[in-house]
Amino acid sequence: LVRISVLREMARYGFHTNVNAGGTLLLEQTPPVLIARSFPESAVGYFALPQRIVQTPLQMVRTVAEVLNPLTAEYLALKERAKLVRVGILGNRYSFVLYAPFALFILTWGSDLVRLWVGSDFGAQVAPMLPYFVFGSWVALAGQSATIGILFGLGEHRWCAWGMVAEALVVSTATALLLDRGLAVLSMWCGAGMLANRGLLSAWALCHSLRISFWSYLWSVCG
């Protein structure tokens, strides 16, 4: 028999998944469009390159989130909340460490590397933006990758979904209002948005769902 309650749960999960995807799309596409309206087309390339640089190594840690989604469902069915918390802590910690060599390399030699790669003129525009994207992706996207995967596994990803929408709106508003101050300032807002939403909000959402201490969870992830 078809159960209405199950269909309702599936619809709720799918709705928030689509909201998350829409927020991600809005976050990725709105700033380049606004930049192109106010600056030469080359400025879109300046803004896009730092994001492209951090995306490839992030694929390694995103695998952690993909693995944790079904594992979360298993632990939830077995009511093993303590194991679930430990998996989140260790998953975040090892993802952070896995991303660390790349992040430290780019933070140290990224400016020189970009100038060597794409030329001094292009590199001079890109270099000031690199630290904000690298640090934000290191702490938030890598450092809380397991948290986000667990939230999806728990079906509590509405926090991720609406957080992505809020982050996209904040970054889009900052792009519209602060673009005349330069791309580096906009990159700073992008990094701050990552830290606030996918770093702190996602960790708080997991702690709220599992009824554990937020600060203890963060401290445990740090080691």
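Before you start, note that the model is predicted: local features need pLDDT of at least 70, side-chain atom pairs count only at pLDDT 80 or more, and totals for chains, interfaces and linings use all residues. Residues are numbered from 1 along each chain as its sequence is written, and side-chain values use heavy atoms, with hydrogens and water left out.

**Stop 1: two helices side by side**

Select residues 4–38, helix H1, and then residues 41–78, helix H2. Helices here are DSSP runs (H or I, at least four residues), numbered from the N terminus. Two packed helices are described by the angle between their axes and the distance between the axes. The axes of H1 and H2 come within 10 Å and cross at roughly 160°; such axes are lines fitted to C-alpha atoms over the stretch in contact, with angles from 0 to 180 degrees between N-to-C directions. H1 and H2 are therefore roughly antiparallel, a term for angles over 145 degrees. Their crossing is right-handed, meaning that the near helix is turned clockwise from the far one by less than a right angle.

To see the contact (heavy atoms within 4.5 Å), show Tyr13, Pro31, Pro32, Ile35 and Ala36 on H1, and Ala43, Val44, Phe47 and Asn69 on H2.

While H2 is on screen, pick Val67, which lies in this helix. Is Val67 buried or exposed? Val67 is exposed, with a relative accessible area of 52%; buried means under 20%, exposed over 50%, and partly exposed in between (1.4 Å probe, protein chains only). Now draw a distance from Val67 to Val171: the C-alpha atoms are 30 Å apart, and the two residues are 104 apart in sequence.

**Stop 2: the salt bridges**

Side chains of opposite charge can pair when their charged atoms come close. How many salt bridges does the structure hold? There are three, each a side-chain nitrogen of Lys or Arg within 4 Å of a carboxyl oxygen of Asp or Glu.

- Glu9 is partly exposed at 42%, and Arg12 is partly exposed at 29%.
- Next, select Glu156 and Arg158, whose closest N and O atoms are 2.4 Å apart. Arg158 is partly exposed, at 28%.
- Finally, select Arg198 and Glu167, which meet at 2.6 Å, N to O. This pair links distant parts of the chain, with Arg198 in helix H8 (residues 183–210) and Glu167 in helix H7 (residues 158–178), 31 residues apart. Arg198 counts as buried at 17%, and Glu167 is buried at 4%.

**Stop 3: Ser145**

Move to helix H6, residues 145–154, and pick Ser145. Ser145 counts as buried, at 5% relative accessibility. Its side chain reaches the backbone oxygen of Ala142 at 3.2 Å. Leaving out residues up to four places away in sequence, Ser145 touches Val61, Val64, Ala65, Asn92, Ser95 and Ala140.

**Stop 4: Gly123**

End in helix H4, residues 120–126, with Gly123. At 0% relative accessibility, Gly123 counts as buried. Which residues does Gly123 touch, not counting those up to four places away in sequence? They are Val114, Arg115 and Val118.

Technical notes. A polar contact is a pair of N or O atoms within 3.5 Å; within protein, one must be able to donate a hydrogen and the other to accept it, and residues adjacent in sequence count only if both atoms are side-chain atoms. Angles under 35 degrees count as roughly parallel, over 145 as roughly antiparallel, 65 to 115 as roughly perpendicular and the rest as oblique.
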